[in-house]
There are 2 protein chains.
Amino acid sequence: MKGLPSIENLSLSFARLPGIGSKTAERMAYAVLRMEEEDRISFAKNIIAVGERISKCPVCGLYMEGEECPSCGDPERDSSFLCVVTEGRDAETIEKAGGYHGLYHVLGGLISPSKGLLPEGLGIEHLLQRVKEGNFEEVILALSPTIEGETTSLYVSKLLAPTGVKVSRLGYGLPMGGSIDYADGLTIAKAFEGRRKI
Amino acid sequence: MKGLPSIENLSLSFARLPGIGSKTAERMAYAVLRMEEEDRISFAKNIIAVGERISKCPVCGLYMEGEECPSCGDPERDSSFLCVVTEGRDAETIEKAGGYHGLYHVLGGLISPSKGLLPEGLGIEHLLQRVKEGNFEEVILALSPTIEGETTSLYVSKLLAPTGVKVSRLGYGLPMGGSIDYADGLTIAKAFEGRRKI
């Protein structure tokens with residue numbers, strides 16, 4: 001019995017998404033087949049729309065819809081703080097947490113010589129330029145606590161040192177609501193290093 | 001900072017798929033945003049295509065692409081066997097396993113009074129008609145071994161009894177490659193019932 005070419009094609013599209021295997025992709029393709037026509041059409045339109053309507057802010061690299069960057073274009077944000085993130089989604093996560101009201105800068109990746117990502121390919125020069133020209137009080141590096149993230153933080157902080165701006169990184173330690181039982185050794189070591197007087 | 005409406009819309013579309021929560025849906029929407037334009041367009045086209053190109057065979061209820069049912073339209077299939085499945089995907093699973101070369105009949109659901117699925121709403125009358133008019137040697141009920149599946153198998157087999165056709169169901173027992181350790185009590189009980197002389 002022959003398969004259905006349309007289902008196979010759609011499964012291949014779903015399988016391009018991160019973490020989606022061929023079995024799950026096929027199940028999704030069948031779910032699309034069972035959808036109401038209206039929902040299917042809006043699904044397809046929504047896919048096209050993200051490509052057409054969303055662009056990257058030329059200043060900070062955040063995704064923006066329309067003419068104005070959600071961060072740079074907002075006069076109520078505190079322009080004396082600059083938070084450096086790996087990608088746009090990290091900025092959204094920080095926004096959801098609340099508490100930070102400064103500007104952002106998206107690097108677009110982390111230094112990883114093994115993956116061929118060298119400092120030159122990232123937005124680091126652009127960041128240096130922006131810090132030199134701007135009037136920031138503090139640059140906060142919000143990169144992941146991995147080897148790549150640490151390497152990048154170190155590299156960026158050395159590059160920014162001559163500008164005289166204060167450079168910090170996020171605190172490391174036990175995640176809130178987590179149990180010490182489940183924390184790995186490195187996290188516990190970092191939590192000890194970062195201990196505070198109460 | 002405002003969210004991106006296009007990402008939110010696309011996330012909602014992804015979240016309509018089975019087993020996809022809002023967090024995963026959002027991650028998928030961002031993955032679509034990072035795709036090449038070409039891939040994004042073919043993704044959208046593939047979604048529209050499943051709706052436009054795929055229909056259900058009026059005889060057996062299997063999904064078909066084009067004018068001919070992959071099962072009924074194939075003269076090489078053994079028309080003396082009829083395998084009754086819950087939905088079209090089950091037939092594909094059986095096909096992938098190989099070994100069965102007869103025809104299919106899709107019920108479209110299982111009897112489940114609690115979910116409002118009564119025998120009348122399923123394709124059971126249509127099945128009875130088809131068996132009466134056809135020349136089948138055996139009807140194999142390939143429904144899931146759940147309460148709904150068992151109820152439906154029993155109902156269908158009683159309905160088909162007057163036609164004189166042989167009605168069977170798939171064997172129950174230990175899944176191949178599985179360990180007895182992990183089998184539940186009911187499966188083991190069914191495996192004992194269905195034991196064979198070696």
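A salt bridge is taken here as a side-chain nitrogen of Lys or Arg lying within 4 Å of a carboxyl oxygen of Asp or Glu. The structure is a predicted model, in which local features need pLDDT of at least 70, side-chain atom pairs count only at pLDDT 80 or more, and totals for chains, interfaces and linings use all residues. Residues are numbered from 1 along each chain as its sequence is written, chains are lettered from A and ligands numbered from 1 in the order in which they are written, and side-chain values use heavy atoms, with hydrogens and water left out.

Over all chains, the structure holds twelve salt bridges. One of them pairs E26(A) with R89(B), with 3.7 Å between the closest N and O atoms. This pair joins two chains, because E26(A) lies in helix α2 (residues 22-34) of chain A and R89(B) in helix α4 (residues 88-97) of chain B. Helices (H or I, at least four residues) and strands (E, at least two) are DSSP runs, numbered from the N terminus. Both E26(A) and R89(B) are buried, where buried means under 20% relative accessible area, exposed over 50%, and partly exposed in between (1.4 Å probe, protein chains only). A network of salt bridges links E26(A), R89(B) and K96(B).

Within chain B, a salt bridge brings together the side chains of E95(B) and R77(B), at 2.7 Å from N to O. Distant parts of the chain are linked by this pair: E95(B) belongs to helix α4 of chain B, while R77(B) sits in the loop between β2 (63-65) and β3 (78-85), 18 residues apart. E95(B) and R77(B) are both buried. Another salt bridge connects E138(B) to K166(B), whose closest N and O atoms are 3.7 Å apart. Here too distant parts of the chain are linked, with E138(B) in strand β5 (residues 138-142) and K166(B) in strand β6 (residues 166-169) of chain B, 28 residues apart. The two partners can be told apart by their accessibility: E138(B) counts as buried because its relative accessibility is 12%, whereas K166(B), with a relative accessible area of 52%, is exposed.

Charge also gathers on the surface, where E36(A), E37(A), E38(A) and E52(B) form a patch of negative charge. Such patches are made of residues with over 30% relative accessible area and no salt bridge, like charges being joined within 9 Å and nonpolar side chains (Val, Leu, Ile, Met, Phe, Trp, Tyr) within 5 Å. The accessible areas come from the Shrake-Rupley method with a 1.4 Å probe.

Helix α5 (residues 124-133) of chain B has I124(B), L127(B), L128(B), R130(B) and V131(B) as its buried residues. Seen down the axis of α5(B), these residues fall within an arc of 165 degrees, so they line one face of the helix; the arc is that of the directions from the helix axis to the C-beta atoms. On the face turned away from this buried side, α5(B) carries the exposed residues E125(B), K132(B) and E133(B).

L159(B) has its place in helix α6 (residues 147-160) of chain B and is partly exposed, with a relative accessible area of 25%. L117(B), in the loop between β4 (102-106) and α5 of chain B, is partly exposed at 34%. From L117(B) to G134(B) the C-alpha distance is 27 Å, the two being 17 residues apart in sequence.

In chain A, K158(A) is part of helix α6 (residues 147-160) and is exposed, with a relative accessible area of 61%. The C-alpha atoms of K158(A) and E68(A) are 32 Å apart, at a sequence separation of 90 residues. L170(A) lies in the loop between β6 (166-169) and α7 (185-193) of chain A and counts as partly exposed at 41% relative accessibility.

Technical notes. Lys and Arg count as positive and Asp and Glu as negative; His and the chain ends are not counted. The place of a charge is taken as NZ of Lys, CZ of Arg, CG of Asp or CD of Glu.
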